[in-house]
Amino acid sequence: REGRQVLFEGAQGAMLDVDHGTYPFVTSSNSTTGGAATGTGVSPRLLETIIGVAKAYTTRVGGGPFPTELKNEFGERLRKRGNEFGTTTGRPRRCGWFDVPAVRYAVEVAGINVVALTKLDVLSGEETVHVATGYRLRGRALDRPCFSWRDYDAVEPVYETLPGWNESLAKARSFADLPAAAKKYVARLEELIGVTIRWIGVGPSRDAVFEK
């Protein structure tokens, strides 16, 4: 009423939502946008900008389906570079390539209209990077997660390969500072998820996040 803005932050990922996530491998509440309204008593009509925060790759803590998980040396490199360990428990996070169907699903159920892409710097130093653009389940093509966690656990990701970049992104403070391949990666993700990527993060400090 006073014309000021309030920011609500969800504590869990969209795929851990008790109703819309990979049940039973979920948290105990609604971690998508609807939870902000029910948890605070603020009408959903007053929620204007829905920001989806996504890493430039995918992570998950604990069990549950994870189609793009990398159970290899590169997955371990991502974990170490990105410091992917649970904030309170210290548990190592599972790491994998960017999962477009999962992000598109999160966009759909949460009503996301703008994205902040974080940890782009963690992918530096690779000759190529991969993006899961869809899945295959027993020979059938899918473009979204399965409602049955057992089916979802059985899917095979379909990958698109993009050129990587060797340059460090640590000093980048604008989109123009990024190498061409990193710009292409961001643009392709934006095209695939169908939502504008407004912010990019290239490090843990506040000034390492900039508008595109």
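The model is predicted: local features need pLDDT of at least 70, side-chain atom pairs count only at pLDDT 80 or more, and totals for chains, interfaces and linings use all residues. Residues are numbered from 1 along each chain as its sequence is written, and side-chain values use heavy atoms, with hydrogens and water left out.

A search of the whole structure finds 15 salt bridges, each defined as a side-chain nitrogen of Lys or Arg within 4 Å of a carboxyl oxygen of Asp or Glu. Three of them are listed here.

| Salt bridge | N to O distance |
|---|---|
| Arg79 and Glu76 | 2.4 Å |
| Arg81 and Glu126 | 2.7 Å |
| Lys212 and Glu190 | 3.4 Å |

Arg79 and Glu76 lie 3 residues apart in helix 2 (residues 73–81), about one helical turn; helices (H or I, at least four residues) and strands (E, at least two) are DSSP runs, numbered from the N terminus. Arg79 is buried at 13% relative accessibility, while Glu76 is partly exposed at 31% (buried means under 20% relative accessible area, exposed over 50%, partly exposed in between, with a 1.4 Å probe and protein chains only).

Arg81 and Glu126 meet in a salt bridge that links distant parts of the chain, 45 residues apart: Arg81 is in helix 2 and Glu126 in the loop between strand 5 (114–118) and strand 6 (128–137). Arg81 is partly exposed, at 36%, and Glu126 is buried, at 11%.

Salt bridges also link Lys55, Glu84, Arg93 and Lys119 in a network.

Thr33 belongs to helix 1 (residues 33–40). Leaving aside residues up to four places away in sequence, Thr33 touches Leu47, Ile50 and Ala110, where contact means heavy atoms within 4.5 Å.
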